[in-house]
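Please look over the sequence and the model first, and then read the notes below.

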Amino acid sequence: MDTRKLLEELENVINSANEVPFTNKKMVDKDEIERLIDAINQSLPNELESARRIVADKERIMLDAEKKAEDTVAQAKDYIARITEESELVKQAQERANEVISSANKSAEELRTSSVTYATDVLKYVETNMENVLDSLKKNRQSLIDSNSAAARQQQERAEDNGNKK
């Protein structure tokens with residue numbers, strides 16, 4: 001299940017939990033919370049694998065771009081070598097080759113830049129989601145601890161009240 005959906009389900013469980021009278025605490029089903037936390041923990045490796053695939057795709061795209069640029073440069077050099085014997089055409093060929101090389105370098109740089117931007121954006125998205133998951137888990141864990149502490153205090157207070165009544 002998607003981590004985001006699991007977090008929404010966890011939030012719904014907490015929001016729909018019964019309130020403890022005279023407090024701002026809620027009583028939640030511990031088993032249900034633990035089940036959701038386990039499911040979230042299991043879904044996180046999928047999110048990480050997705051990020052790894054994106055990074056691998058970025059590297060493949062960059063290698064492809066570099067290969068295409070190298071091929072274009074090699075073609076331009078071959079083109080220059082073939083026409084160097086003809087003096088008038090040499091000048092035109094060098095200009096054309098320089099344009100091709102410049103164009104290839106520009107295309108490669110644009111592709112590399114867009115690949116890095118894309119990968120950065122996707123990794124930032126994954127990072128943000130993971131930070132949200134972690135924050136939510138911390139808050140939910142603290143809420144459980146607080147609820148348990150409040151319940152324990154109430155039980156102790158009741159025990160003391162019952163002891164004072166005797």
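Helices are DSSP runs of H or I with at least four residues, strands are DSSP runs of E with at least two, and both are numbered from the N terminus. Counted in this way, the predicted model has three helices and two strands in its protein chain, and from the N terminus on these elements follow the order α-β-β-α-α.

**Overall form**
- The C-alpha trace of the protein chain spans about 115 × 20 × 20 Å along its principal axes.
- The radius of gyration of the protein chain is 31 Å, whereas a compact globule of 166 residues would have one near 15 Å.
- Of the 166 residues in the protein chain, 25% count as buried, and 49% of its accessible surface of about 12,200 Å² belongs to carbon and sulfur atoms.
- Where contacts link residues at least 6 apart in sequence, 68% of them join residues at least 24 apart.

**Helix 1**
- Helix 1 covers residues 3–15 and reaches 18 Å from its first C-alpha to its last, which is close to the 18 Å expected for its 13 residues.
- The buried residues of helix 1 are T3, L6, L7, L10, V13 and I14, and because they fall within an arc of 120° when seen down the helix axis, they line one face of the helix.

**The largest nonpolar core**
- This core has 13 residues, of which L6, L10, I33, L36, I40, V133 and L137 touch the most other members.
- Helix 1, helix 2 (30–83) and helix 3 (87–165) each supply at least two residues of the core, and the largest share, six residues, comes from helix 2.
- Leaving aside residues up to four places away in sequence, I40 touches T3, L6, L7, L10, V133 and L137.

Note on methods: Residues numbered from 1 in each chain as written. Predicted model: local features only at pLDDT ≥ 70, side-chain atom pairs only at ≥ 80, totals over all residues. Heavy atoms only, no water. Expected span 1.5 Å × (residues − 1). Buried < 20%, exposed > 50% of the residue type's maximum accessible area, 1.4 Å probe, protein only. Arc of directions from axis to C-beta. Core = buried A, V, L, I, M, F, W, Y, C linked by side-chain atoms within 4.5 Å. Contact = heavy atoms within 4.5 Å. Rg over C-alpha atoms; globule rule 2.2 N^0.38 Å. Areas by Shrake-Rupley, 256 points an atom, 1.4 Å probe, with all protein chains shown as cover.
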